[in-house]
Amino acid sequence: SDVLEDKIPSGTHLKNAVSRYITDRRNGWVYDETAVNKVITFISKLKHSAGEHANKKFILEPWQVFLISNLYGFYNQDGRRRFKTAYLEMARKQGKTAFVAALALYNLLADNEPAAEILLAANSHDQARIAFKLVRSFAHGFDPKEIQVKRFRNDIVVNNGLEDTFIKCLAADGDK
């Protein structure tokens with residue numbers, strides 16, 4: 001409501017997203033607050049490993065909670081999540097990469113998607129490695145002895161008993 005009432009300065013796209021969110025909650029989509037809280041709880045247990053936030057728990061900003069609520073809260077009547085993709089664009093140094101890394105790890109470990117394939121892609125390998133290093137760091141904090149989560153140079157793998165679930169680092173300038 002603060003966005004729609006201009007208490008928080010925002011552009012048209014954000015206002016439209018907030019309006020859609022409010023409308024969706026009224027128009028037949030199933031909203032699962034428990035699913036949203038599961039993601040928030042998982043991310044809030046992660047700790048940063050570098051920079052000014054080193055050794056501090058991941059504290060979600062309101063925009064991050066709003067995005068989680070949109071992505072993980074809405075389901076069809078048959079139980080499938082409404083959104084499969086998201087596009088996030090904002091200025092530098094707002095926490096996008098750490099947030100995406102935390103979501104990637106959540107999807108790897110806690111989303112209950114069998115044989116999930118999570119790809120971190122960028123134009124250059126160096127760019128893709130930035131997010132991948134954060135995922136590796138969060139994974140290390142979660143499982144330092146690599147009992148569940150095996151960390152390799154360009155992959156993080158979890159064997160759930162059937163097929164591996166993994167995060168892979170990809171780049172447009174790669175040699176494959």
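Let me begin with a definition: rings of Phe, Tyr and Trp, the last through its six-membered ring, count as a pair if their centres lie within 6.5 Å. Please keep in mind that this is a predicted model. By this rule, the count comes to nine aromatic pairs.

One of these pairs joins Tyr-21 and Phe-74. Their ring centres are 5.6 Å apart and their planes stand at 80 degrees; planes over 60 degrees apart count as edge-to-face, so this pair is edge-to-face. Tyr-21 belongs to helix H1, residues 12-26, while Phe-74 belongs to strand E2, residues 74-75, so the pair ties together parts that are 53 residues apart in sequence. Tyr-21 is buried, with a relative accessible area of 13%, and Phe-74 is likewise buried, at 0%. Together with Tyr-31 and Phe-66, Tyr-21 and Phe-74 form one aromatic cluster.

I turn now to the core. The largest nonpolar core comprises 34 residues, and those with the most contacts inside it are Ile-43, Phe-58, Ile-68, Leu-105, Val-135 and Ile-167. Among the elements that give two or more residues to this core are helices H2 (33-44) and H4 (96-109), and strand E6 (164-171). H4 gives the most, with nine residues.

What does Phe-58 touch, leaving aside residues up to four places away in sequence? The contacts of Phe-58 include Ile-43, Leu-46, Phe-99, Ala-102 and Phe-138.

Methods:
Residues numbered from 1 in each chain as written. Predicted model: local features only at pLDDT ≥ 70, side-chain atom pairs only at ≥ 80, totals over all residues. Heavy atoms only, no water. Core = buried A, V, L, I, M, F, W, Y, C linked by side-chain atoms within 4.5 Å. Buried < 20%, exposed > 50% of the residue type's maximum accessible area, 1.4 Å probe, protein only. Helix = DSSP H or I, 4+ residues; strand = E, 2+ residues; numbered from the N terminus. Contact = heavy atoms within 4.5 Å. Phe/Tyr/Trp six-rings, centres within 6.5 Å; stacked < 30°, edge-to-face > 60°.
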